[in-house]
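Visitor: I would like to learn how to read the helices, sheets and cores of a chain like this one. Could you take me through them in turn?

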Amino acid sequence: CLCSLALSHSSSFLPFLARLSVLPSFGFLFDIDGVLVRGKTPIPAARTAFQKLVDSQGQFLVPVVFVTNAGNCLRQKKADQLSHLLGISQDQVMMSHSPLRMFKHYHEKCVLVSGQGPLLDIAQDLGFCQPITIDTLREKRPLLDAVDHDRRPNVLVSGAVVLFGEPVRWETSLQLIIDVLLTSGYPGNPYEQESYPHIPVLACNMDLMWVAEAQSPRFGHGTFMVCLENIYKKITGKELKYEALMGKPSRLTYQYAEHLIRAQALQRSWEQPIQTLYAVGDNVMTDVYGANLYDRYLRASCGAGCVPRAQPAPGPRGRPAFHGHRDFGFDPALVEPDHIVPDVDAAVDLVFRLENFAPH
Ligand SMILES: [Mg+2]
């Protein structure tokens with residue numbers, strides 16, 4: 001089984017006896033925030049690490065994908081954020097919303113998008129042809145037109161509600177999303193009893209909190225989702241259902257990241273099959289949990305051929321309270337990383353050693 005190869009390497013340190021590889025049979029999934037940058041500030045070890053990952057022309061020696069749960073900006077903005085470290089293409093950046101590209105059956109429909117930043121640009125970049133924002137919905141002022149039924153807004157949301165990231169003015173977004181869900185997409189109409197199951201909800205980035213420059217973690221999109229789920233349940237007595245949840249630790253995200261890694265290897269004509277994925281992150285509940293969950297999935301579906309390994313850069317250790325999403329059961333075994341290293345530079349060194357990789 002391909003799955004155990006990386007593990008057996010890890011127990012034998014034989015750099016001079018082993019055959020050194022010049023072509024990669026592995027790939028990296030790097031978390032961004034907390035591993036490469038902290039807020040807008042670069043982490044020094046990232047620069048050293050990146051020098052090892054590229055050749056003298058700046059070309060990557062290994063397939064690399066940057067996987068972030070951020071969702072309120074375009075891929076290019078994240079790529080630009082890393083440009084002080086390294087020139088990377090937007091094709092190497094995976095946002096929490098990136099897997100929405102695969103949901104083509106919603107692309108032609110009118111979808112309500114929630115979040116902040118350039119929401120319409122993000123939606124259109126992902127393939128959505130008819131996105132409508134909370135602000136636009138609010139500007140339609142459905143209540144003012146509610147007396148004259150003929151002037152009530154027509155169907156505004158026929159396809160789905162897409163939650164990209166935490167919005168500003170949560171009360172407005174919560175109110176209007178609830179309106180859309182309880183009226184089957186006709187937010188100008190009164191609530192209906194028969195609006196269940198509600199129209200599909202697709203959500204990106206389940207992080208309850210995230211680390212920025214502040215001393216303590218900040219509310220993330222997961223906190224907004226907790227509010228939405230609880231309000232929906234309080235009003236209807238029923239569970240809010242998600243058509244899809246994406247962003248780490250969801251399987252969808254790792255599947256998409258694997259697809260990007262393989263696409264890079266193919267583009268570079270690296271003939272060795274990619275056998276191992278190394279996930280480097282600082283959050284045990286997202287980076288480590290997600291990598292281990294996907295590892296378990298690959299082992300169960302036997303023969304898929306890729307084994308993600310979780311390696312946190314420094315971060316709080318121990319067993320924190322479960323901050324994962326409602327729909328993800330908590331398995332303590334999945335928060336244990338395979339390796340713990342001081343920083344991303346040490347992670348790169350370790351992986352090169354485990355893989356006997358010597359590109360130079
Ligand atoms: Mg992080």
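Guide: Let us begin with how elements are named: helices (H or I, at least four residues) and strands (E, at least two) are DSSP runs, numbered from the N terminus. This is a predicted model, in which local features need pLDDT of at least 70 and side-chain atom pairs count only at pLDDT 80 or more, while totals for chains, interfaces and linings use all residues. Residues are numbered from 1 along each chain as its sequence is written. Just after α6, for instance, Ser184 takes a positive phi of about 50°, and the protein chain as a whole has 10 helices and 14 strands.

Visitor: What span does α6 reach, and what is expected?

Guide: The expected span of a helix is 1.5 Å times one less than its number of residues. Helix α6, residues 170–182, has 13 residues and reaches 18 Å from its first C-alpha to its last, close to the 18 Å expected.

Visitor: Which residues of α6 are buried, and what covers them?

Guide: A residue is buried if 20 or more other C-beta atoms lie within 10 Å of its own, exposed if 12 or fewer, and partly exposed in between, with C-beta atoms placed from the backbone. In α6 the buried residues are Ser173, Leu176, Ile177, Asp179, Val180, Leu181 and Leu182. An α-helix has 3.6 residues a turn, so residues three or four places apart point the same way. The cover over the buried residues of α6 includes β6 (110–114), α5 (134–139), β8 (160–163) and α7 (221–236).

Visitor: In what order do the five strands of the open sheet lie?

Guide: Two strands pair if DSSP finds at least two bridges between them. Here the order is β7-β6-β8-β9-β12, with parallel pairing. Because β7 (130–133) and β12 (244–246) stand at the edges, each with a single partner strand, one side of each is left without a neighbour in the sheet. Four bridges join β6 to β7, and the bridge partner of Val111 is Pro131 in β7.

Visitor: How many residues has the largest nonpolar core?

Guide: A nonpolar core is a set of buried Ala, Val, Leu, Ile, Met, Phe, Trp, Tyr and Cys residues joined through C-beta atoms within 7 Å. The largest has 51 residues, and those with the most contacts inside it (C-beta atoms, placed from the backbone, within 7 Å) are Phe30, Val65, Phe66, Met94, Ala257 and Val344. Helix α9 gives the most to this core, with eight residues. A second, separate core of 38 residues includes Ala123, Val157, Leu163 and Met246.

Note on methods. Two residues are in contact if their C-beta atoms, placed from the backbone, lie within 7 Å.
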